[in-house]
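Subject: Structure handover

Hello,

Here is the structure I promised to pass on. Please open it alongside this message, and my notes follow below.

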Amino acid sequence: MNIRKFKLSFRSRSRFLILAIVMLIFAIATSPVVATVAEQANVVQTQQSGLQLAAKAKSLYQAGRFTEAVEVWQQAASAFANVGDRANQGMALSNLSLTYQQLGQWQAAQTAVTQSLNLLKTASDKTQKRILAQALSIQGQLQLATGQSKPALETWQQADAVYAQISDQTGEIQSQIYQAQAFQALGLYRRALAILTELKQTLDKQLDSPLKVMGLLSLGNAHSVAGDLTEAEKALKQSLEIANKLQPAPDRSTILLSLGNVTRAKNQYSEAISYYKQASHSPSSKVRIKAELNQLNLLVETQQWQTAKSLWAPILTQLNNLPPSRSTVYAQINLAQSLFCLKQPNLEKSAFHSPIVQQCVNTTDEKTQMKNLTQSHVASVTPEWTDIEKLLIAANDSAVAIQDKRAEAYALGYRAGLYQQTQRLSEAETLTQQALNLARTINATDITYRWQWQLGRIARVRADLPKAISAYTQAFKNLQSLRGDLVVTNSDIQFSFRDSVEPVYRELVDLLLEQKQPSQNDLKLAREVIESLQLAELDDFFREACVDAKPQQIDQIVEQAQPRTGVIYAFFLEKSLEVILKLPGQDLLHYKTAVSRDVATNTLQKLQEVLPLVDKTREVRQLSQEIYKWLIEPERKTLDSSGVETLVFVLDSGLRNIPMAMLYDGKEYLVQKYAIALTPGLQLLSPRLREQIELKVLQAAVSQHRQIEGRDFSQLTNVESELKQIQSQVAGSKQLLNQQFTKPNFQRQINANSFSVVHLATHGQFSSDPEQTFLMLWDQLLKAKELNNLLRSTGGNRSKTIELLVLSACQTATGDDRAALGLAGVAIRAGARSTIATLWSVNDVSTSTFMKQFYQELANSKITKAQALQHAQVALLSQQGLEPYYWAPYTLIGNWL
């Protein structure tokens, strides 16, 4: 199988990634295979003895009696050697290596498999080549278990090639599954997913078998890490269903463990606990401990202290009895992470603590936390720091023993974090630097940024601002280099985007702007960090890099833009709202408003709640005037004198849910003075001037009442009138209404025509959860991740780009403070240069009136899209007596020209 080149992916779910998500290193034992060879009469008895010994060794191995199996495999290898049977001797030695692996005797395992491959390198016939391929598979398992992911991949590719030579489809499938696991270990989850998705098509045609169970399990795990939880659960349940049918039934515990992780990621905690408990009965100590570890950190996350107390000590005892291996090291670090959080359950996160504590997430509300704390004294639950220290020292020793530098870098860094927590700052700095140096030697950028972050925090505690900024800047640059493939490279260690990535950006901006007069270089870097966080959030939203067009710096456009344009970057820190203002021909300006993030969030949530209510105009004005004072008032005079006619906003989460057009100064709304647009960052999809664009519209709409995927969608009474208004303004338009608006029909129109504008009048929702971000077609809900192909031509003309996507009748998810992330994601994912969407649904004749005016303005090639939107909003504002409910929901995202 040729492995195609796939774009690397950004992996980190925005709210929280699956903690301890499965990238289970399978170490699935390749069944010992006894080759059929020509037997000479004078050696039949000895040959038979070798075969009998191999059968006995196989039985001992399958029974988990590995020490006994080693002795019998050695005897079998000797028996085959005595009769010159090199193929079967190689088979016995490779399986001896596999058995040593189960015992953690890595050097012995390496010696055995090397001897096996030396014997088999001259394999000529089909039987001998099959044994060679199996030996290569076993070598790959050894390499993966000892942290040599890339060599493991190359070895399994060799095995795949040998299986292909002898037309062994089963062997090919198994080796490709192994390759997918190696890609996961390397952090290349999308590549792994592509391999497994293609394999599933082959497996679906085959009878149920353990190999089919294994393939579906791997596919489910790959979907899980890629954030496709629905598909993950589907594949895993199919794997479990087949496993339950097979006789003899294979061990199901690995599947149950994976299902626990998926249901946990879906916030179905009781189901996750149930799966973990079932998996903890596994005959495999590795799977059993992983299940118990995941159960423990879920209990800690939900602050179920008493139950957690009963788990951590027995897990520690089991870990102490395991031989050194990569999975052992990561299990030890995973336990240490849980013990960190268990040790300090209500610890406030701050720059004075290790980033490891930043990963202590709880999902209970404050009332439940206090109840849990009252019912169970924390002091009686938590371990001592010395317990965690011993655990991490043991993890480090194990990593050194197996020569796994990646695992060693983790162990050292975590131990340094412990010393930071206990104020042993000199030791913390020394060990963090050692961990950093080790990560650099293996080019492990995903680990490097963590320890640079930790060094930055240590320097900040010591009030060494230059050193702190330097460390944070290096961490930020490494995150930038990882964009597109930032992943949970070791997913046995807890990880979440909002706790393990986002704080690096925010804390660096804090450092840069906390100075009384930040330099222009500091402001430029802060602005770059703000933009990069926005793009990182979008990448995390989709679990892959989603902006791949050639970007242009807004500064270049601002200096040349007509009409004159200003850009406002707004960014929340814990105690202030920081604003950077870019005006044409001027240096960057910086100002701040002293408002805590909590107070700001509360104000923004209140405003978001009343915006969709037509009778709350007074409250809307009061709250929007408060936000005006934060964002605009400090430099209002500067803006007034600048001659700027358009304002482009780059906004932090929370602010994105609020239409900037309705910010109120006490007399008028912002839209009455400026054309307004939003953009995810300093970069735009290559803009084109309006006069270069021919207006040609594809309209697609659903006006009738629909029930899809268990949801009830009301009739959109005025949609048909809306479409007629557009048709009256734009001659070159095509319409798909109701039953015509299906995905195939829509795609056919996109492929066959060059539409500059796509107008979708249908129900839709924007959310920080991709699964809850969708557009309604006639017969299905189109989820966020499917939008990338919907608007992109698959025909011969690949240069087609949608200039403007209009989403009418959509809304942001109620109560979701990051819902506009989904809106920005839809805009970017669709590949349109600009998107206009509604933040709440206005099912009123005002929508038709607005759209008629907007397209009338858009037909004027002398004005920008932002100005066309402004003119339509101001016209509606005048007609509706200044009520923002009707005119304010429309927001322009992307290229405003």
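Strand E12 covers residues 757–766 and is mostly covered, with 10 of its 10 residues buried. Keep in mind that this is a predicted model.

E12 pairs with several strands. Strand E8 (residues 697–701) runs parallel to E12, and 5 bridges join the two. Within that pairing, Gln-699 has His-759 of E12 as its bridge partner. Strand E15 (residues 804–812) also runs parallel to E12, joined by 8 bridges. His-759 turns up again here, opposite Val-806 of E15. Strand E13 (residues 774–776) pairs with E12 in the antiparallel sense, over 2 bridges. There, Gln-765 is bridged to Phe-774 of E13.

**The protein overall**

Some totals for context. The protein has 897 residues, and 62% of them count as buried. It contains 37 helices and 17 strands. Take the contacts between residues at least 6 apart in sequence: 74% of these join residues at least 24 apart.

**Strand E5**

In E5, Thr-646, Val-648 and Val-650 point one way. Leu-647, Phe-649 and Leu-651 point the other way. All of these are buried.

Which strands pair with E5 in the parallel sense? E2 is one of them, over 6 bridges. Strand E6 (residues 675–678) is another, over 4 bridges. Thr-646 takes part in both pairings: Thr-565 stands opposite Thr-646, and Ala-675 of E6 is a bridge partner of Thr-646.

**Ser-576**

Follow E2 (565–572) onward to the loop between E2 and strand E3 (577–582), where Ser-576 lies. Is Ser-576 buried or exposed? Its relative accessibility is 9%, so Ser-576 counts as buried; the cut-off for buried is under 20%. Leaving aside residues up to four places away in sequence, Ser-576 touches Phe-571, Thr-593 and Val-595.

**Two helix pairs**

Now the helices. Two packed helices are described by the angle between their axes and the distance between the axes.

Start with helix H3 (residues 86–103) and helix H4 (residues 106–120). Their axes come within 8 Å and cross at roughly 160°. H3 and H4 are therefore roughly antiparallel to each other, since angles over 145 degrees count that way. Their crossing is left-handed. Residues making the contact include Leu-93, Leu-96 and Tyr-100 of H3, and Trp-106, Val-113 and Leu-119 of H4. By type, the contact of H3 with H4 divides into 11 nonpolar, 8 polar and 1 charged residues.

Then compare helix H9 (residues 210–225) and helix H11 (residues 253–265). The axes of H9 and H11 come within 10 Å and cross at roughly 20°. H9 and H11 are therefore roughly parallel to each other, as angles under 35 degrees count as roughly parallel. H9 passes H11 in a left-handed crossing. On the H9 side, the contact uses Val-213, Leu-217, Asn-221 and Ser-224. On the H11 side are Thr-254, Ile-255, Ser-258 and Val-262. The residues of this contact divide into 4 nonpolar, 4 polar and no charged.

Best wishes

Notes. Residues are numbered from 1 along each chain as its sequence is written. This is a predicted model: local features need pLDDT of at least 70, side-chain atom pairs count only at pLDDT 80 or more; totals for chains, interfaces and linings use all residues. Side-chain values use heavy atoms; hydrogens and water are left out. Axes are lines fitted to C-alpha atoms, for helices over the stretch in contact, and angles run from 0 to 180 degrees between N-to-C directions. Angles under 35 degrees count as roughly parallel, over 145 as roughly antiparallel, 65 to 115 as roughly perpendicular and the rest as oblique. A crossing is left-handed if the near helix is turned anticlockwise from the far one by less than a right angle, and right-handed if clockwise. Contact means heavy atoms within 4.5 Å. Ala, Val, Leu, Ile, Met, Phe, Trp, Tyr, Cys and Pro count as nonpolar, Asp, Glu, Lys and Arg as charged, and the others, Gly among them, as polar. Buried means under 20% relative accessible area, exposed over 50%, partly exposed in between (1.4 Å probe, protein chains only). Two strands pair if DSSP finds at least two bridges between them.
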